[in-house]
Structures are given as structure tokens and as C-alpha cells.
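Here are my notes from going through the model. Have it open next to you while you read.

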Amino acid sequence: MANVLTFEPNEEPQLVWMSGEVKVSAIRSTHIAGHASYRVDTPAWIVVIGGDASNDKPAPPRSHSTSDQVERLAQGADVIVHSTIHPVLGPDRGSGFPAPTFYRQSLATDLGAMAKRTGAKYLMLTHLAPSLGTGRHNRWDVPGGPLTEADYRKAVEESGFTGKTIVRTDLTALRLPAP
């Protein structure tokens, strides 16, 4: 019963679906082969879903951990929804979390900076590493103990983002106010 549409993600946003005034665009982004990030334009809101996207450059030195493609897609968006990793799991923080895996994620601070650059009003962090309230992420200890929503918001605020930061677990619904 599903109407599956396929497309080849590339470097520039491309329209992949449309119904009335609602348009969905996609762009290639780095995570695994074939990964794409999406932008949903509606008359009320523009929402970008970055998913597990990260920078094409897999490790420092680089100016940021976020995806340049997602940033291009997010120009003028109202809301950015994105997975994130907290800096506390960094290779220099003593968690033992593997550097190659850490560097394949988008840092909360860098997502805040990207949201600021694109003019987003809301940044919704999901698919959190580490999860809220847990002292371990998979088999690695969280230095300093479990993190809270406030810890993630603080990391975003360090970037200078002044919009609203929403920290939620996977599969959370978000009801936006009327624009």
C-alpha cells in the first residue's frame, strides 16, 4: 500500500515529493552510503531533518562537525531536527568513546552554531549521545555522570544560538505554535 519513491541524493537540494503547498527536498549528507537529509516546506513552517548527518571530513582539523549539505538545506528554515553528540564523550574527556565514532557525529555546540548561521528559530536535538539520565553510553562511562536536558541546552548556548533549543528522545512528537 506504500508508494515508494526513489531518488539519488546529490550535492544540491532536489525536490523529491510534493502535494499541494507542501514540498519535500533532499540532499546527500554524510553518514552511510545513500544517506540523505530532508527539508519540508509548508505554508506554516519550514522543517529540516538532518538525521545522523555529519561533516564530510571524518576528523579534525575541520571548522565544524556538522554537515555543509544540511546547512545549505537549512538556509531560511524555521526548525532543524538533528541527532547530536555531547562534547563530554570527546576523546580528550576520558570516556574511552572511540574517536572515529565521535568524529562521525554532529556536536551539540556545532549544531547550535549552524542553527544560528541559518536563522532557525528552533533546534530540536534527538538521537542523543549519551542518552538523557544515563551514566553510560553503550559500554562507555559518561564523564561527570548522567546528562540532563539542561546540559545539552548549555552546550548549544555556548555557540551563541539564541533560538529555542528542544532536547528530546527518539520518536518524540513536537507541536509547533501557529506562526
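**Notes on the core and the sheet**

1. Let's start with Ile80: leaving aside neighbours within four places in sequence, Ile80 is in contact with Val48, Ala74, Met114, Ala115, Thr118, Ala120, Tyr122, Leu123 and Met124. Contact here means heavy atoms within 4.5 Å. Keep in mind that this is a predicted model, where local features need pLDDT of at least 70, side-chain atom pairs count only at pLDDT 80 or more, and totals for chains, interfaces and linings use all residues. Residues are numbered from 1 along each chain as its sequence is written, and side-chain values use heavy atoms, with hydrogens and water left out.

2. Ile80 also turns up in the largest nonpolar core, which has 32 residues; Ile80, Ile85, Leu89, Leu123, Leu125 and Tyr152 touch the most other members. (A nonpolar core is a set of buried Ala, Val, Leu, Ile, Met, Phe, Trp, Tyr and Cys residues joined through side-chain atoms within 4.5 Å; buried means under 20% relative accessible area, exposed over 50%, partly exposed in between, with a 1.4 Å probe and protein chains only.) At least two residues of this core come from each of E4, H1, E5, H3 (108-118), E6 and H4 (149-157). Helices (H or I, at least four residues) and strands (E, at least two) are DSSP runs, numbered from the N terminus.

3. Now strand E5 (residues 79-85): 7 of its 7 residues are buried. Val79, Val81, Ser83 and Ile85 point one way, while Ile80, His82 and Thr84 point the other way.

4. Which strands does E5 pair with? One is E4 (residues 46-51), in the parallel sense over 4 bridges, and Ile49 has Val81 as its bridge partner in E5. Between E4 and E5 the chain passes through helix H1 (residues 68-74), in a right-handed β-α-β crossover: with the strands pointing away from the viewer, the path from the first strand over the helix to the second runs clockwise. E5 also pairs with E6 (residues 122-129), again in the parallel sense, over 7 bridges; there Ser83 has Thr126 as its bridge partner. Pairing takes at least two DSSP bridges between two strands.

5. Take a look at H3 too, where 9 of its 11 residues are buried. Asp110 and Thr118 are among the buried ones, and the cover over the buried residues of H3 includes H1, E5, E6 and H4. Gly119 follows H3 with a positive phi, near 85°.

6. Last, His137: this residue sits in strand E7 (residues 136-137) and is buried, at 13% relative accessible area.
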